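Here are my notes on this model, point by point. Please read them with the structure open.

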Amino acid sequence: MKPSPKTFHVKSFGCQMNVYDGERMAELMLAEGMTATDDANAADLVVLNTCHIRERATEKVYSDIGRLRKGARQSGRSAPMVAVAGCVAQAEGEEIVRRAGVDVVVGPQAYHNLPALVAQAASGAPALDTDMPIASKFGALPARRRVAPSAFLTVQEGCDKFCTYCVVPYTRGAEVSRPFAAIVDEAKALVDAGAREITLLGQNVNAWGQDQGGLEALIVALDRLPGLERIRYTTSHPNDMTQGLIDAHAQVGKLMPFLHLPVQSGSDRVLKAMNRSHDRDSYLRLLDRVRAARPDIALSGDFIVGFPGETDAEFAETLSLVDAVGYAQAFSFKYSPRPGTPAATMPDQIAPEIMDERLQRLQAALNRDQAAFNAKTLGRTCDVLIERAGKLPGQMLGKSPWLQSVHLLTDAAIGDMVEVDIVRADPNSLSGLERRRAAA
Ligand code: SAH
Ligand code: SF4
Ligand code: F3S
């Protein structure tokens with residue numbers, strides 16, 4: 001027997017969907033009468049909500065567990081109960097119990113059972129649930145309580161695309177869309193709980209609801225929600241970017257001018273080997289249509305350098321695609337072989353120093369374009385949703401419609417929408433002067 005935990009701490013790694021899941025797990029614990037603590041070293045229960053997308057994810061989890069136990073030993077406390085959740089839990093399952101002796105292992109589709117698993121662990125038996133049940137977990141989760149002005153809402157989970165480098169189809173399961181009505185209800189609850197901006201989330205969010213009118217139908221419905229000011233969505237796949245969704249960028253007032261549309265590579269040979277199902281040209285033509293609908297849209301992407309067999313010439317095609325697009329921001333990664341994925345056993349794996357050099361060159365190009373995009377915002381007036389206090393006295397931080405961070409001196413509160421003149425553009429953020437406070 002272990003004492004039932006009274007305090008908990010949730011630590012989320014990886015994508016925004018994990019952040020959302022972490023919030024929902026915290027709500028489950030609160031509904032059980034437990035108290036949240038910001039200090040992992042003071043909690044009776046620590047939930048490590050893990051990510052498996054790139055290298056050393058698993059090792060990081062084991063060293064985190066070791067650190068938590070050492071911290072407890074050093075301060076004379078008994079070791080906390082540890083629950084491993086998220087994508088490493090799904091991928092490693094029982095191995096984590098064997099190797100680290102953790103109390104609870106729970107997969108991304110099973111975390112509504114977390115309270116029962118914690119109770120089982122408190123009775124002395126390690127508890128494991130990595131099922132991917134047909135019935136969705138969402139119905140079993142408690143209502144949303146208090147949320148930040150910018151809130152996440154998962155609408156779609158899983159992936160059927162099977163890009164050859166990626167673990168997500170294995171850790172998150174098949175593509176499933178939540179029902180329209182359940183999402184609208186949760187969006188209303190989020191607004192009641194303080195949200196003014198909602199980001200719809202899915203591993204392939206734009207594949208949402210192909211039999212429910214498509215993502216644009218959901219966006220149109222949310223556009224009518226009083227109190228909601230901004231709608232965003234992420235992450236999209238180029239192949240699911242319908243004309244209807246593109247048109248929504250021209251027509252729906254609350255839909256923000258931002259699109260994260262990962263391309264991964266500029267080389268057709270590499271894209272094919274990745275099983276990406278779009279090519280360089282179809283991607284560029286798609287962006288032309290997006291820009292035709294919404295000329296000021298900020299474009300973002302994901303890139304992988306050093307995919308097996310990538311030649312210098314193929315990498316140069318990625319650089320020239322970046323030049324052609326002009327991204328407002330982007331994420332770029334060195335290819336990381338993931339166990340069980342087809343690319344991990346492909347010939348011609350690229351040497352680490354070549355990947356390092358390519359990543360540096362790619363990031364230099366992306367940083368240049370981000371700085372140029374920010375510079376274009378200089379002198380404009382835009383709305384900023386205040387999200388948190390800045391480092392300086394009186395300074396607040398918020399986001400522009402194009403997802404840039406904006407610093408300003410203001411007495412506006414978190415959650416206020418402020419009209420701002422952009423007076424300074426730096427490579428990673430903007431500074432503004434308050435012009436007018438929008439009515440709350
Ligand atoms: N569903 C989204 C993104 C999922 S993962 C999409 O299809 O775009 C987020 C990003 O991580 C991917 O876009 C890719 O750039 C990167 N990524 C995924 N697997 C990777 C791997 N094995 N090595 C390096 N980067 C990877
Ligand atoms: Fe991974 Fe590809 Fe699915 Fe994105 S679309 S989650 S990169 S398999
Ligand atoms: Fe990571 Fe799983 Fe998200 S592997 S990126 S937490 S879907």
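1. How many disulfides does the model have by the sulfur distance rule? The count is 0 disulfides. This is a predicted model. The rule asks for a pair of cysteine sulfur atoms within 2.5 Å. Two cysteines deserve a look here. Cys87 has a relative accessibility of 9% and counts as buried. Cys159 has a relative accessible area of 10% and is buried too.

2. Next, helix H2. This helix runs over residues 57-74. Its 18 residues should span 26 Å at 1.5 Å a residue, and the end C-alpha atoms are 26 Å apart, so the two values agree. Its buried residues are Ala57, Thr58, Val61, Tyr62, Asp64, Ile65, Leu68 and Ala72. They cover an arc of only 155 degrees around the axis, and therefore sit on the same side of H2. Arg67, Arg73 and Gln74 are exposed on the other side of H2.

3. What do the buried residues of H2 pack against? Three strands are on the list: S1 (7-12), S3 (45-50) and S4 (81-85). Helix H3 (86-92) and helix H4 (94-100) are on it as well. Just after H2 comes Gly76, with a positive phi of about 70 degrees.

4. Helix H7 can be read in the same way. It covers residues 180-192, which makes 13 residues. From first C-alpha to last, H7 reaches 19 Å, close to the 18 Å expected at 1.5 Å a residue. Ile183, Val184, Glu186, Ala187, Leu190 and Val191 are buried in H7. These residues cover an arc of only 160 degrees around the axis, so they are on the same side of H7.

5. The packing partners of H7 come next. Its buried residues pack against H1, strand S7 (150-154), strand S10 (197-201) and helix H8 (215-223).

6. Glu27 is worth checking. Its place is in helix H1, residues 16-31. Is Glu27 buried or exposed? Glu27 is buried, because its relative accessible area is 8% and the cut-off for buried is under 20%. The side chains of Glu27 and Arg144 are joined by a polar contact of 2.9 Å. Beyond its neighbours within four places in sequence, Glu27 is in contact with Pro142, Ala143, Arg144 and Arg145.

7. With a relative accessible area of 13%, Ser429 is buried. A polar contact of 3.5 Å links the side chains of Ser429 and His407. Leaving out residues up to four places away in sequence, Ser429 touches Asn374, Ser405 and His407.

8. Last, the ligand. Which residues are the closest to ligand 1? Of the 15 residues that surround ligand 1, the closest are Tyr165, Gln203, Gln264, Asp302 and Ser336. In the side chain of Gln264, an N or O atom is 2.7 Å from an oxygen atom of ligand 1. A side-chain N or O atom of Asp302 is also 2.7 Å from an oxygen atom of ligand 1. Ser336 uses its backbone: an N or O atom there lies 2.8 Å from a nitrogen atom of ligand 1.

Note on methods
Residues are numbered from 1 along each chain as its sequence is written. Chains are lettered from A and ligands numbered from 1 in the order in which they are written. This is a predicted model: local features need pLDDT of at least 70, side-chain atom pairs count only at pLDDT 80 or more; totals for chains, interfaces and linings use all residues. Side-chain values use heavy atoms; hydrogens and water are left out. Buried means under 20% relative accessible area, exposed over 50%, partly exposed in between (1.4 Å probe, protein chains only). Helices (H or I, at least four residues) and strands (E, at least two) are DSSP runs, numbered from the N terminus. A polar contact is a pair of N or O atoms within 3.5 Å; within protein, one must be able to donate a hydrogen and the other to accept it, and residues adjacent in sequence count only if both atoms are side-chain atoms. Contact means heavy atoms within 4.5 Å. The expected span of a helix is 1.5 Å times one less than its number of residues. The arc is that of the directions from the helix axis to the C-beta atoms. A residue is near a molecule or strand if one of its heavy atoms lies within 4 Å of it.
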